[in-house]
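User: Hi! I'm new to protein models and would like to learn how to read one. Could you walk me through it?

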Amino acid sequence: MIESFRVQNFKSIRDATIDFDPAVTVLVGRNSSGKTNLIDSLRFLRDYLRGPEQASDRNQREFREFVPAQRTGAKLQYDVTLKLPQFPYPLCYALVLQMQPQRSPGVIVVKEGLSGGSEKNAVFLAEKDSATSDRKGLKIPPPGQVSRIAPQGQLALLGQLPVSREASAVYGVLTESLGLYDFPLGLLKPNHDDEKRGVGRREANQRGLEDDGFGHLDVFGGFTRDHRLMARKDWIAALLHTLNPAVESVEVDQPRRASKIVLGHRIGGQLLPFDLSQESEGFRRVFAHLLALYQDPAKLLNCFEEPENGVHPGAMELLAEQFKLAAEEDRGQVLLTTHSPRLLSHLPPSGLRVVEMIDGETKVGPLEAGQLEALRDNLLAPGELLDVDEARRATDTNGAAGG
Amino acid sequence: MAESANDAECLAWHLDARLQVEGGFDAAYVDKRSPILQCALPKVISGGTLKFWRDKLELAIRRPGTGAVILLTDGDGPQRVRDAPDYDALNGGKNDYCPAAMARWLAAAARKQVGDRDVSVGVAIACREYENWLAAGAMQADDERLATVETRRDGKGLLKEVLGTSYTATVSQAAMTRDADWEAIASRCRSFRHLDTTIGSLIDAMQSGKPTVRPQVDG
C-alpha cells in the first residue's frame, strides 16, 4: 500500500503530504483549493517514470503549466513511501526534478534515491554532482552500502535497475498500479476520434482501465475470458441492478471479438439487449467506477475525482461500499475527492484529509482534533463537514501537523 | 450559527458593529472563520427533540475559547411544531408557529446543554426573513408597506420590489447589510431589535463574566 506521498513545488503546492489511509482516503476542500493539483502531481510522477515516449500527451504538452507561478526555478520533489507485502520494511523513493520551462529537455533529474526504510538499506542514490557518471558500472550494493551514481539527465533510474527487487517493485507500482481516473463527460460512449486514438494507444501499451475510462472493453472482456473472473461480471450486474432494477445481466456482444458491452434489461417478461453507450451518463459513470475497482490485475491505488458527478444521490451508498470493499478485498486503496455530503456520510472519517488554499498555497492535512472528536461523539455527521461545520485542517497549534 | 455563509457574514458584521459601539473588543472577538451553517429553523427544530440544535450548540461550545454562541435564523418556514410538548407549553398549549415561543424553546434547551459551563447563548429569529429587515431599511418613511414589512412573506421578493432591481443574496446581502440604515430598521422591525438586544446581552455577559442565555427562560 501507499503510506505517504509528498510533493514539493508543483503548481499551487509548495510542500504537501498525503498520509494515506489503508482503505479510503478522501480529500475535501473548497473549489480551487488544490485537490486536483495533488492528483495531477501524482499523475505527473507516474507518467514521467513511464518515460517520455510513454508519458501521456497531456503531460508532455502541458508540463510547463506545472511549474509554480511564483517559484519558477524551484525543484519539483517527490517522496513516496510504500509498504509492499514482499518486503518487510517500507520502501522510500525520492525524486528531484529541475523544471526548465524554456529549455529542452524540459525536465532533468537532479537527485534520485530508493531506500528500504533507512539509510543503511539504501538501494541506490543518484545525485547530479556525484563523482561517478558511468551508469554501466552500476552495481547494486549489499545491504549497508549505498551505490552513488550520477543521474542520467532526462530519465529516472528507477526503471533501469533490473537486478534490484526493490527498484523493480517500486517502478512497477508507480507506473502500472496507479489508476488516476478523470472520467470525462460522455464516458464510454462511442466517439470515432477517441476510438482511433484509443486503438493505437491500446496496441502500444495495455495497462487496464485508463484514466479517461478507455480500455473498458478489454477490462470487461477479461471477465468473460478468464474463468476466475467470471463471477465479477455477475457481481457487477447485481450492483447495477440496484441502480436500475430492469438490468439483469452485463455481457459483451461477442465473447471472442467483443465490440461493445451489452446490458440485459427485463422488460415485459423479455430480456432485451441494450448497448451500454445508450445508458445514462450517471449509470455509465457508476459502471466505470465498478470496472476500475474490479479490474484484473488490480491497481494498488484507485483514485476518483468527484465520483458523485452525474450520479443519483441514492447510489452514493453503493459507491461508498464498493470503495471500502476494494481495500478490504485487496483490490487497492482508494483516493477520492468529493463535494458530496451524502457520499462522505458513508465513508469513515479516519481517511479524511482537508485541503486548503492559504495565501496561494495548497495545504493538506488531517481533520482538526475537535472535529474528529465531534464526529466520534455524533455531534456531527461526516457529510456535515461539507455544509454545516466546514472541515478544518489540523495545524501545529492544535497538535497535529498538516503539510 | 446561521443558515448560510451570507447570513453568517452579516451576523458577524452586526456583532462587530456592536462590539465597536460597546468597546467590547477587549472581552471578545468574532470567530468568522468557521460558522456553523444550515441552521434553518425547520432543520433546527426537526423531530421535535431539538437534536440538531443541541448537537451543533455543543459543537460550538466545545471550540476552544468560546465565550458565547449566537443563532440567527429566519422564522419563515414552519407552520406547526409537531411532537414537541415543551414547545406547546411555552406557547400557551398551542403548536402553531410563534417566533417568541420558538426562541424561548431553543433557549431553554440551550440552558440545559450549557449546564454550568462559562458560555452564553443567544437565539434570534427574524420574523420572516433577513431580507424583510433590508426592505424595511430601503423604504421611505411614508411607505405604506412599512406597516407589514416585517411580517410579509417572501422577504426577498419584497426587497426586489422595494429596490426595483434584482437581488441575489450571495452577491448583495453582505454589501447591503454594511450600507443599510440599521437605526431605521430597528425602529421598524421588532425582531431586529431582539437581535440587537441579544447581541448586547452576550457582550455584557462576556464583559462581566456572568454567562447568560437569551431570551431569558424560567428556571
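This is a predicted model: local features need pLDDT of at least 70, side-chain atom pairs count only at pLDDT 80 or more; totals for chains, interfaces and linings use all residues.

User: Okay, over how many bridges do β10(A) and strand β11 of chain A pair, and in which sense?

Analyst: First the general idea: strands of a sheet pair through backbone hydrogen bonds, either parallel or antiparallel. Here, β10(A) and β11 (residues 261–267) of chain A pair over five bridges, in the antiparallel sense. For a spot to look at, find Glu251(A), which sits opposite Val262(A) in β11(A).

User: What order do the strands of that open sheet in chain A follow?

Analyst: The order is β10-β11-β12, three strands with antiparallel pairing. β10 (247–252) and β12 (270–275) of chain A are at the edges with a single partner strand each, so one side of each has no neighbour in the sheet. From one strand to the next, the twist averages 30°.

User: And in chain B, is the pairing in the open sheet β1-β2-β3 parallel or antiparallel?

Analyst: That one is parallel, again with three strands. Its edges are β1 (68–74) and β3 (213–214) of chain B; each has a single partner strand, so one side of each is left without a neighbour in the sheet. Strand β2 (residues 120–126) of chain B pairs with β3(B) over two bridges, and Val121(B) stands opposite Val213(B) in β3(B). Helix α5 (residues 99–114) of chain B packs on this sheet, touching β1, β2 and β3 of chain B, with its direction at about 160° to that of β2(B). Helix α10 (residues 190–208) of chain B also lies across β1, β2 and β3 of chain B, and runs at about 170° to β2(B).

User: Now helices. At what angle do the axes of α7 and α8 of chain A cross?

Analyst: In general, two packed helices are described by the angle between their axes and the distance between the axes. In this model, the axes of α7 (residues 281–294) and α8 (residues 316–328) of chain A cross at roughly 10° and come within 10 Å. That makes α7(A) roughly parallel to α8(A), because angles under 35 degrees count as roughly parallel.

User: Which residues meet there?

Analyst: From α7(A), Val286(A), His289(A), Leu290(A) and Leu293(A) meet Leu319(A), Gln322(A) and Ala326(A) in α8(A). By type, the contact has five nonpolar residues, two polar and no charged.

User: Last one: how many residues does each chain bring to the contact between A and B?

Analyst: Chain A brings nine residues and chain B brings ten residues. On the side of chain A that touches chain B, four are nonpolar, one is polar and four are charged.

How values were computed: Residues are numbered from 1 along each chain as its sequence is written. Chains are lettered from A and ligands numbered from 1 in the order in which they are written. Axes are lines fitted to C-alpha atoms, for helices over the stretch in contact, and angles run from 0 to 180 degrees between N-to-C directions. Helices (H or I, at least four residues) and strands (E, at least two) are DSSP runs, numbered from the N terminus. Angles under 35 degrees count as roughly parallel, over 145 as roughly antiparallel, 65 to 115 as roughly perpendicular and the rest as oblique. Two residues are in contact if their C-beta atoms, placed from the backbone, lie within 7 Å. Ala, Val, Leu, Ile, Met, Phe, Trp, Tyr, Cys and Pro count as nonpolar, Asp, Glu, Lys and Arg as charged, and the others, Gly among them, as polar. Two strands pair if DSSP finds at least two bridges between them.
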